Amino acid sequence: MPSYTPPLRDMRFVLHEVLDVVATLKRLPAHADVDADTIDAVLEEGGKFASEVLAPLNAVGDEQGCTLDKATHEVTSPKGFKEAYAKYVEGGWPALSCDPAYGGQGLPHVVSQCLFEMLNSANQAWTMYPGLSHGAYECLHTHGTDVQKRLYLDKLTSGHWTGTMCLTEPQCGTDLGLLRTKAEPQADGSYKLTGNKIFISAGEHDMAENIVHLVLARLPDAPAGSKGISLFAVPKWKVKTDGSLGERNGIWCGGLEHKMGIHGNATAQIVLEDAEGTLVGAPNKGLSAMFVMMNAARLGVGMQSLGLTEVAYQNAAAYAKDRLQMRSLSGPKEPTKPADPIIVHPDVRKMLLTARAYAEGGRALAVFTTLLLDREVATADDAERAECADLVALLTPIVKAFFTDNAWIATSHCLQVFGGHGYIREWGMEQFVRDSRINMIYEGTNTIQSLDLLGRKVLGDNGAKLKKFGKLIADFVEAEGTDEAMQEFVNPLAELGEKVTKLTTEIGLKAFKNPDEVGAAAVDYLRVCGHLVFAYLWARMAKVALAKQDSGDTFYVAKLATARFYFAKLLPETASLIRTARAGSATMMEFDAALF
Ligand SMILES: Cc1cc2nc3c(=O)[nH]c(=O)nc-3n(C[C@H](O)[C@H](O)[C@H](O)COP(=O)(O)OP(=O)(O)OC[C@H]3O[C@@H](n4cnc5c(N)ncnc54)[C@H](O)[C@@H]3O)c2cc1C
C-alpha cells in the first residue's frame, strides 16, 4: 500500500518564506489575527487526519466502490468512508474557511487550500464529498436568498449536509445551452423540477443527513440556449421552515456509473420528478450564479491533481532508493550490493524530478492564487479587489488545466519508476494514474479551460489581465536582474515573458481573420502560460533558497536543485509548444471531415 507524509515543510516554505502570507493577511481586517503558528498548527492536524484516517481508505474505496440499492435508491459508500466523514465533521474541518456568521471558523482560503491538497493526496474520491459541499456553500453564500442562507449554510458549514452541482445531462455536457431539465413555478413561490442529470459526483451517499443539490434547469418562458438557464436549490430531504428535515423530495439516484477511477465517489444518474426546489439568484441568470461554484471547483480540481502528483512522487522516490537493478553507467555506486538502486539512473531521476518540480511549483502557484482570492474576498479596497479578481480569473484555468495535465504526466512517470510493479494493483500506483485522468475532463475539459484562457481572459480583454501578470514578472526581473546568482532563473523568465506577448499578438491578429486559429492554438498556449507562471514562482523560490543554501538545512539545497532542473529540463518544452501554437489551424481544418 502506498504511504503518504504530509509535505508540511514545503507548505511552510511557500506560505511563510516565499509568499509571506501572514503579512498580506494582516492587512485584511477579517484575517488580521491569523499568525504563522495558527496556520502551521491547523495544517499539522489536517495532515494527521489525511495520512492517518483517509489514506488507509484509498485502496478500500477503489476496490469496493459505491453500491446502489435500486429499491430504495440509497447508495452505500465504501467501508470506512462514513466513519471518516463523521470524524471530519466532529473535528470541525468543513467549517475551516467558512463565514463565522454561519458557524464557520473564518480562516483564510490559503489554509483550507493546503488542507485540501493533503486530503486529495490521501484519498481523492473521499475528498470530493466535502469538496463539492464547499462549492455549494460558496454559491449559496454569494447568491442565496436570506431564507436559503438560513436553512442551508449552517448545515453545509458544519458538514452535517453535503452539496452537489447538477449541470450535466445526457445530451448536454460542455454545451449547457442544450439543457432540458424543467422548472415549473408553484403558487407558493417554489418550483417543481423534472428531468435527468448524469455524472453527478457525490450525488447520493450515506455519509450525511441531507444532500443539497444545486440544479440547473429552465423556466417555462426561458429563452433558448445558455441565456435561459436558472439555478435551483433542491434538497434530498425537504427542509421545513424551522430547518428540520421534512419528507423525501422527488430527486433520487437512478444509477451509478462504473468508471476508470475515483471508485469511492458516487457518480450518480439523478432523476428529478416534481422535485421541490427554490430559485438561487435571478431567473435565467443561473450560469453566472453557478460560476461561483464552478470557479471554486476548478481550483479544487487543480488541488486534486496537485495532491496526486505529490503522493505519487513520494512513493516513487522511496521505491527508487530501494529497488536494485543494473549498475550505474558511471560505475557501481553500491558495490557491496548485487546491483545499484535504480535512483542512480539518469532517466529515473528525470521522472522523479519532473513529478517533484510539478508538485512544488504547483503548491507555490496554488497558494499564490488562493492568497489573491483571499484578498479579493476580504479587502476593503475596490481597486485591490478588482486587481486580484482579474489575476484569479486569469490563473484559474491555468491551475485547473496545467495541474491536471501535469498530474497525468507525473503519476504516469511515477508508475514507470516502479516498472512492472507499478502496473500491479497492490502498489497503488496505477490507482493514482486512473484517479488523475478524470481531472482533465470534468469542471470543463482542459480544452475548454484553454479556450476560456485564450479566448475570454486574454484576447477577450485585449490582454489587460495578462499584462497585469506581466507586470509582476517585470517588477521581479527588474529587482533581481542585477543579481549574478539569479541570472539563470531571471533570464529565461524574462525571455519567455516576451515570447508570450509576441505569441498572444500573433494569435490575436490571425483570429480576426479566422476564429479557428484560437481553437487551434489554445491548448498549447495554456501550457506555455502555465510554464510562464511556474517559471515566475520557481524563480521566486530559487531566490529564497539561494540565500539560505549554506544554512546547513538541506531543504534549501534540494529546492535550488529542483529549480535548476525545472529551468533546464521542463521549461524548454515551451519552445516546441510555441512552434505548434504558431503552426495555425490549416492542417487540421482543411482536412476533409469525410476522411476521418
Ligand atoms: C466521473 C465524473 C464526474 C463528474 N461530475 C460531475 C458533477 O458533479 N456535476 C456535473 O454537472 N457534471 C459532472 N461531470 C460531467 C463533466 O463535467 C462532463 O463530462 C464534461 O463537462 C464534458 O462533457 P461531456 O462529457 O458531455 O463531453 P462533450 O461536451 O460531449 O465533449 C466531448 C469532447 O469534445 C470537446 N469539445 C466540446 N466542445 C468543444 C469546443 N467548443 N471546442 C473544442 N472542443 C470541444 C471536449 O473538450 C471533449 O473532448 C462528471 C463527469 C465524470 C466522468
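A polar contact is a pair of N or O atoms within 3.5 Å; within protein, one must be able to donate a hydrogen and the other to accept it, and residues adjacent in sequence count only if both atoms are side-chain atoms. This is a predicted model, in which local features need pLDDT of at least 70 and side-chain atom pairs count only at pLDDT 80 or more, while totals for chains, interfaces and linings use all residues. Residues are numbered from 1 along each chain as its sequence is written, and side-chain values use heavy atoms, with hydrogens and water left out.

**The ligand**

Select Thr168: an N or O atom in its side chain lies 2.7 Å from a nitrogen atom of the ligand. Next, select Met165, where a polar backbone atom is 2.8 Å from a ligand nitrogen atom. At Leu167, a backbone N or O atom is 2.8 Å from an oxygen atom of the ligand.

**Two helices**

Move to helix H9 (residues 346–378) and helix H17 (residues 554–570), which pack at about 105° with axes 9 Å apart. Axes are lines fitted to C-alpha atoms, for helices over the stretch in contact, and angles run from 0 to 180 degrees between N-to-C directions. Helices are DSSP runs (H or I, at least four residues), numbered from the N terminus. H9 is therefore roughly perpendicular to H17 (65 to 115 degrees).

Finally, select Lys350 and Tyr358, among the H9 residues that meet H17 residues including Phe565 and Tyr566 (contact means heavy atoms within 4.5 Å).

Note on methods: Parallel < 35°, antiparallel > 145°, perpendicular 65-115°, else oblique.
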